[in-house]
Amino acid sequence: MRAGIISGRRQLEFKTFSRPSIAAPGTAVIDIALCGICGSDVSAYRDGEGYPPFLSGHEWVGTVVDVGSDVHGLHRGDRVIAATPPACGRCPMCLAGHAERCAELTALSFGTHPLTPEHGAYAERITMPVEALVQVPDGVSDEQAVMVEPATVALHAVRLQPIRLGDAAVVIGAGPVGLFAAQMLRLAGARAVTVVEPRARRRALALELGANTAVAPDDAGDAVLAATSGIGADVVLDCVGTESALRSAVELSRPGGTVVMVGVATGAVSISPLSWLSKEITLRASLAHLNHEFAMTMSFMESGQLRSEPMRERTIGLDGLEEALSSLASGGDEIKVVVDPRL
Ligand SMILES: [Zn+2]
Ligand SMILES: [Zn+2]
């Protein structure tokens, strides 16, 4: 069995692994149905920074084909997605009462979990530790389920906010996370959601998905002032993570507003501390998601309150992966490309 692994700058390698069929204790073997290409896969491919093999294809849905002898509550035929595991209850952070920042939550992503898979889901099958699996309800299709991970990044970011009914919110960046965040902010009671995005196609999609206004970065200041009686937004979510996005997040926020870092800025950025100070901005950072939030996202999808289907642009086979990564890394405009390893 081959698995696609992003191994360096502009490098996708297909490595050979034995095709798992019997699950060891604590694990399940899953047939992958769909795997989304994440923005972090694209940046790893573009920039060549070290990328754990397991992360090459981490937004997936599949069907359980075998479970370890000690596994309860999960069976052959169950549909599952990969999720953040629940808090362990034993590590120093859990014991100090900070279970939401349990060291185990990130162990898989950082590759320190003893059962971390050797590859991601750009493959027919994967073996996963069962605590990192969440079942997909019947009312959520595979096409929806493959978008649950990025949607839950947005849900987590919105849940961290002190947002109140009637607040004005801004989302910077209309990639999948930004487009989900705009929908979640409406669900959370925001009166006006302004999406800031340079590409016209993405702005149109933001409006289709329920943003009140979608503007190019140059028009954002005026649009936000117009939507907020001249004071600025209560909450600004930066779903991009560049220096200019962070800077405009502060500019678009009202005095006393909250700026949330959702997009991952990997390089150094310079900020002007006085601009934060003079507005008494609250800065929140939002990292990934928590185990119980995946079911919340899926219930919003099941009820139709959270839409993902307009974001999916095309479905490709493993043979098309390199071309798709390369086009996305060169600034391609597709919002979400999904891999079906059976094609
Ligand atoms: Zn991702
Ligand atoms: Zn813990």
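Four donors count as tetrahedral if all angles lie between 85 and 135 degrees. Keep that handy for the predicted model above.

**Exercise 1.** Work out which residues coordinate the zinc ion (ligand 2), and what geometry its site has.

*Solution.* Next, check the angles: they run from 104 to 119 degrees among the 4 donor atoms, and the site is tetrahedral. As for burial, Cys 88 and Cys 91 are both buried.

**Exercise 2.** Find the protein donors of the zinc ion (ligand 1), then decide whether Cys 38 is buried or exposed.

*Solution.* The protein donors here are Cys 38 (SG), His 58 (NE2) and Glu 59 (OE), 2.1 to 2.7 Å from the ion. Their sequence spacing reads C-x19-H-E. Cys 38 sits in the loop between strand S3 and helix H1, while Glu 59 belongs to strand S4, so the pair links distant parts of the chain, 21 residues apart. Now for burial: the cut-off is under 20% relative accessible area. Cys 38 comes in at 13%, so Cys 38 is buried. Glu 59, at 3%, is buried too.

**Exercise 3.** Identify the residues that touch the most other members of the largest nonpolar core, and the element that gives the most to this core.

*Solution.* The core has 48 residues, and Ile 81, Val 195 and Leu 237 touch the most other members. Elements giving two or more residues include S3, helix H5 and strand S9. H4 gives the most, with 7 residues. Both domain 1 and domain 2 supply at least three residues each. Zoom in on Ile 81: leaving aside neighbours within four places in sequence, its contacts include Trp 60, Leu 133, Phe 294 and Met 298.

Definitions and conventions
Residues numbered from 1 in each chain as written. Chains lettered and ligands numbered in written order. Predicted model: local features only at pLDDT ≥ 70, side-chain atom pairs only at ≥ 80, totals over all residues. Heavy atoms only, no water. Donors = N, O, S within 2.8 Å, 3.2 Å for Na, K, Ca; no water. Tetrahedral: all angles 85-135°; square planar, octahedral: opposite > 155°, others 65-115°. Buried < 20%, exposed > 50% of the residue type's maximum accessible area, 1.4 Å probe, protein only. Helix = DSSP H or I, 4+ residues; strand = E, 2+ residues; numbered from the N terminus. Core = buried A, V, L, I, M, F, W, Y, C linked by side-chain atoms within 4.5 Å. Domains from an automatic or database assignment. Contact = heavy atoms within 4.5 Å.
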